[in-house]
Amino acid sequence: MGKTKNTSLDTTVTDFILLGLSHPPSLRTLLFLLFFIIYILTQLGNLLILLTVWADPKLHARPMYILLGVLSFLDMWLSSVIVPRLILDFTPASKRIPFGGCVAQLYFFHFLGSTQCFVYTLMAYDRYLAICQPLRYPVLMNGRLCTILVAGAWVAGSIHGSIQATLTFRLPYCGPNQVDYFICDIPAVLRLACADTTVNELVTFVNIGVVAASCFLLILLSYANIVHAILQIRTADGRRRAFSTCGSHLTVVTVYYVPCVFIYLRPGSKSPLDGAVAVFYTVVTPLLNPIIYTLRNQEVKSALKRTAAGRGAGGANK
């Protein structure tokens, strides 16, 4: 039992214990090293993309790469909200998290995660305009409009995170305080509430599951139109380049959205698979983004080479 605050009316939980991912004790060291390496690679990979987009004039003026830079920034922060706490589960350190820390983690997780959903949708819309409306693209999507859309995604994400955190923690929590999950997320925390959670589950279903599913369907609709347009391209090289650019985005989107829908469109679920599935979009996807976008995007690879060549020339001149 965690620390509690006694009053004449009830016993209020003031901290939670994150039980983490189920794992054999013999694998504790291996899992610690695995997630530690994933976290470091995630930060370095996304930082590399962010710096490349910022430093290369050919990239940072184009909406597609502005969105890619924003996505890398989000991945770095989302990973930092989740993975360090997850790594602690494989150490002798205390698994306790203060009540306020749990509120903050849930807020930032949903703030950054929902903003990422909106950015993925904007990226699909940008590719749709570039391939299906190439002549009107400079008018329909430019740097200024892209910045406004990104700002809107951040604001919407912040509102979403605030709503979810407020609705979740307005409920009384009077014990037990053991969260059967590796982070403070809505389904796991609601199981500990000492009140009816029907409204919360409904809001979670609509505000997270349906919104995520709707964004995913919009992305699929965009790509259906994109595929149709690509098939009209006469040159094999043109089709290959278009498929390469869009394929990388669609791969990441699928890895991100499918687990989200699996978890949040099943209110009240206590499946042991939830934790393993959540690791995919909270830990694996931020790692995959820089790998996929770097290896499958020729312009990013060219920009990296130009940046490396520039640094090499600068060092030689010294």
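Here are some friendly notes on this structure, point by point.

1. Overall picture. Please keep in mind that this is a predicted model. The protein has 318 residues, and 46% of them count as buried. Its secondary structure comes to 11 helices and 5 strands. Among contacts with a separation of 6 or more, 77% are between residues 24 or more positions apart. The accessible surface is about 15,600 Å², with 69% of that supplied by carbon and sulfur atoms.

2. Disulfides in general. A disulfide is a covalent bond between the sulfur atoms of two cysteines. A search of the whole structure turns up 2 of them. With the bonded cysteines numbered in sequence order, the pairing reads 1-3, 2-4. The next two points take the links in turn.

3. Cys102 and Cys184. The sulfur atoms of Cys102 and Cys184 are 2.0 Å apart, forming a disulfide. Cys102 sits in helix 4 (residues 99–132), while Cys184 is in the loop between strand 5 (178–179) and helix 7 (186–190), so this link ties together parts that are 82 residues apart in sequence. The value about the S-S bond is -120°, and the link is left-handed. Both Cys102 and Cys184 are buried.

4. Cys174 and Cys194. Here the sulfur atoms are 1.9 Å apart, again forming a disulfide. This pair links distant parts of the chain, 20 residues apart: Cys174 belongs to the loop between helix 6 (143–169) and strand 5, and Cys194 to the loop between helix 7 and helix 8 (198–230). The torsion about the S-S bond of Cys174 and Cys194 is about -125°, so this disulfide is left-handed. Cys174 counts as partly exposed because its relative accessibility is 29%. Cys194, at 32%, also counts as partly exposed.

5. Two further cysteines to look at. Is Cys146 buried or exposed? Its relative accessibility is 1%, so Cys146 counts as buried. Cys132 has a relative accessibility of 23% and therefore counts as partly exposed.

6. Side chains of opposite charge can pair when their charged atoms come close. The structure holds 2 salt bridges. One of them joins the side chains of Asp15 and Arg96, at 3.4 Å from N to O. Asp15 lies in strand 3 (residues 15–18) and Arg96 in strand 4, so the pair ties together parts that are 81 residues apart in sequence. Asp15 counts as buried because its relative accessibility is 5%, whereas Arg96 is partly exposed with a relative accessible area of 33%.

7. The salt bridge of Asp126 and Arg127. The side chains of Asp126 and Arg127 meet at 2.9 Å, N to O. Both of these residues are buried.

8. A loop threonine. Which backbone atom does the side chain of Thr91 reach? The side chain of Thr91 comes to 2.8 Å from the backbone oxygen of Leu88. Thr91 itself is found in the loop between helix 3 (63–88) and strand 4 (96–98). At 17% relative accessibility, under the 20% cut-off, Thr91 counts as buried.

9. A nonpolar surface patch. Leu33, Phe36, Ile37, Ile40, Leu41 and Leu44 form a nonpolar patch on the surface. Together these side chains belong to residues with about 540 Å² of accessible area. One of the members, Leu33, is found in helix 1 (residues 28–55). With a relative accessibility of 42%, Leu33 counts as partly exposed.

Definitions and conventions. Residues numbered from 1 in each chain as written. Predicted model: local features only at pLDDT ≥ 70, side-chain atom pairs only at ≥ 80, totals over all residues. Heavy atoms only, no water. Patch = residues over 30% accessible without salt bridge, like charges linked within 9 Å, V, L, I, M, F, W, Y side chains within 5 Å. Areas by Shrake-Rupley, 256 points an atom, 1.4 Å probe, with all protein chains shown as cover. Salt bridge = Lys/Arg side-chain N within 4 Å of Asp/Glu carboxyl O. Helix = DSSP H or I, 4+ residues; strand = E, 2+ residues; numbered from the N terminus. Buried < 20%, exposed > 50% of the residue type's maximum accessible area, 1.4 Å probe, protein only. Contact = heavy atoms within 4.5 Å. Polar contact = N/O pair within 3.5 Å; in protein donor to acceptor, adjacent residues only side chain to side chain. Disulfide = S-S within 2.5 Å.
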